[in-house]
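The structure comes first, and the notes follow by topic.

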Amino acid sequence: MLQTSRSGDVSKAEYETRVELAACYRLAAHFRMSDLIYTHITAKVPGEPGHFLINPYGYMWEEITASSLVKIDVEGNKVCDSPNRVNPAGFTIHSAVHRARGDAAWVMHTHTRAGVAVSSLKEGLLPLNQIALQFYGRIGYHDYEGIALDLEERERIVESLGAYPALILRNHGLLTVGESAGQMFSNMFYLDRACEIQQSTLSMGLPLAQIGDTLAAHVTRQYDQMAFDDGDLLLEWDAMMRLADRIDTGFRE
């Protein structure tokens with residue numbers, strides 16, 4: 001049985017963050033982006049510098065609830081009354097990003113089949129289609145250093161990510177960040193979708209229709225206009241929260 005912390009002890013802002021983060025886990029499981037009990041999605045705790053929320057280690061993503069999330073500091077120490085442990089590898093990667101990027105309030109890391117496949121290619125993500133162009137010139141690459149247990153790797157991860165919204169961990173998987181849950185989740189959903197499309201495209205073994213740099217950059221700017229100026233990102237996240245409720249409202253507990 002999943003053990004939980006005392007949700008009544010948290011502020012309204014933290015509870016709302018917990019609900020959105022639990023929804024991210026449920027949605028990721030729904031879209032088959034989970035990896036049994038491994039990989040993580042984390043969020044900064046509003047009004048508490050240096051504290052963030054992470055999933056309790058040992059539970060499937062579709063089991064995560066708002067109150068079961070564990071609050072830890074950037075050194076990996078629990079700072080809430082929780083009976084659950086956390087994964088050291090998750091702490092290494094996520095703490096690095098949260099410490100270095102003030103705008104990265106939300107961080108998501110996955111080991112999807114398509115994501116790991118593309119991360120294993122020397123070329124990485126190719127600008128082959130409209131979905132992939134969302135990340136044209138906006139994705140970093142980090143060379144594989146083994147399972148992320150070495151704290152010294154944190155600075156190298158941060159350097160590889162830079163100011164980008166997404167990072168491909170070579171031979172490993174995908175990572176995305178965002179100022180909001182919706183921005184982070186959208187980045188991951190479409191980055192993984194771009195990897196799936198690339199996997200399918202290359203499997204056909206036919207000549208590729210190339211997209212020029214000028215047009216690619218234009219499409220990237222169009223994505224920004226739709227997401228931020230036109231408000232599409234907010235509409236998308238509202239739709240995702242409705243989906244999470246349709247799947248199971250238990251994530252809010």
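D245 is partly exposed, with a relative accessible area of 26%; buried means under 20% relative accessible area, exposed over 50%, and partly exposed in between, with a 1.4 Å probe and protein chains only. The model is predicted: local features need pLDDT of at least 70, side-chain atom pairs count only at pLDDT 80 or more, and totals for chains, interfaces and linings use all residues. Residues are numbered from 1 along each chain as its sequence is written, and side-chain values use heavy atoms, with hydrogens and water left out.

**Salt bridges**

- A salt bridge here is a side-chain nitrogen of Lys or Arg within 4 Å of a carboxyl oxygen of Asp or Glu, and by this rule the count comes to 11.
- D245 pairs with R252 in one of these salt bridges, at 2.9 Å from N to O; R252 is partly exposed, at 32% relative accessible area.
- E14 and K71 also meet in a salt bridge, with an N to O distance of 2.9 Å.
- That pair links distant parts of the chain, since E14 lies in helix α1 (residues 12-30) and K71 in strand β3 (residues 70-73), 57 residues apart.
- Helices (H or I, at least four residues) and strands (E, at least two) are DSSP runs, numbered from the N terminus.
- E14 is buried, with a relative accessible area of 1%, and K71 counts as buried at 8%.
- E14 and K71 belong to a network of salt bridges that also links R18 and E48.
- R193 forms a salt bridge with E196, the closest N and O atoms being 3.4 Å apart.
- Both R193 and E196 lie in helix α5 (residues 181-203), 3 residues apart, or about one turn of the helix.
- An α-helix has 3.6 residues a turn, so residues three or four places apart point the same way.
- R193 counts as partly exposed at 34% relative accessibility, as does E196 at 35%.

- In strand β4 (residues 106-110), 5 of the 5 residues are buried, so the strand is largely enclosed by the rest of the structure.
- Burial applies to both faces of β4: W106, M108 and T110 are on one side, with V107 and H109 on the other.
- Two strands pair if DSSP finds at least two bridges between them.
- Strand β1 (residues 41-44) runs antiparallel to β4, and 3 bridges join them; A43 stands opposite W106 in this pairing.
- Strand β7 (residues 173-178) is also antiparallel to β4, joined to it by 5 bridges; here W106 stands opposite G178.

**Helix α4**

- The buried residues of helix α4 (residues 153-161) are E153, R154, I157, V158, S160 and L161.
- They cover an arc of only 165 degrees around the axis, which puts them on the same side of α4; the arc is that of the directions from the helix axis to the C-beta atoms.
- E155 and E159 are exposed on the other side of α4.

**Pocket and cavity**

- The search uses a 1 Å grid over the protein atoms alone: a cavity is a set of points where a 1.4 Å probe fits but cannot get out, a pocket is an open set with protein on both sides within 12 Å along at least five of seven lines, and lining residues have an atom within 4 Å of a point.
- Grid points are joined across faces, edges and corners, and a volume is the space filled by probe spheres set on the points.
- The largest pocket holds about 360 Å³ of space.
- Of the 18 residues lining the largest pocket, Q134, S186, N187, Y223 and A227 are the closest to its centre.
- The elements giving two or more residues to this lining are α5, α6 (213-229) and α7 (232-247), and α6 gives the most, with 6 residues.
- By class, the pocket lining has 9 nonpolar, 5 polar and 4 charged residues, where Ala, Val, Leu, Ile, Met, Phe, Trp, Tyr, Cys and Pro count as nonpolar, Asp, Glu, Lys and Arg as charged, and the others, Gly among them, as polar.
- Over the whole structure, the search finds 1 cavity of 30 Å³ or more; the largest cavity has a volume of about 50 Å³.
- Residues lining the largest cavity include I93, H142, D143, Y144, L169, R170 and H172, and E153 and I157 of helix α4 are also in that lining.
- The lining of the largest cavity has 5 nonpolar, 3 polar and 4 charged residues.
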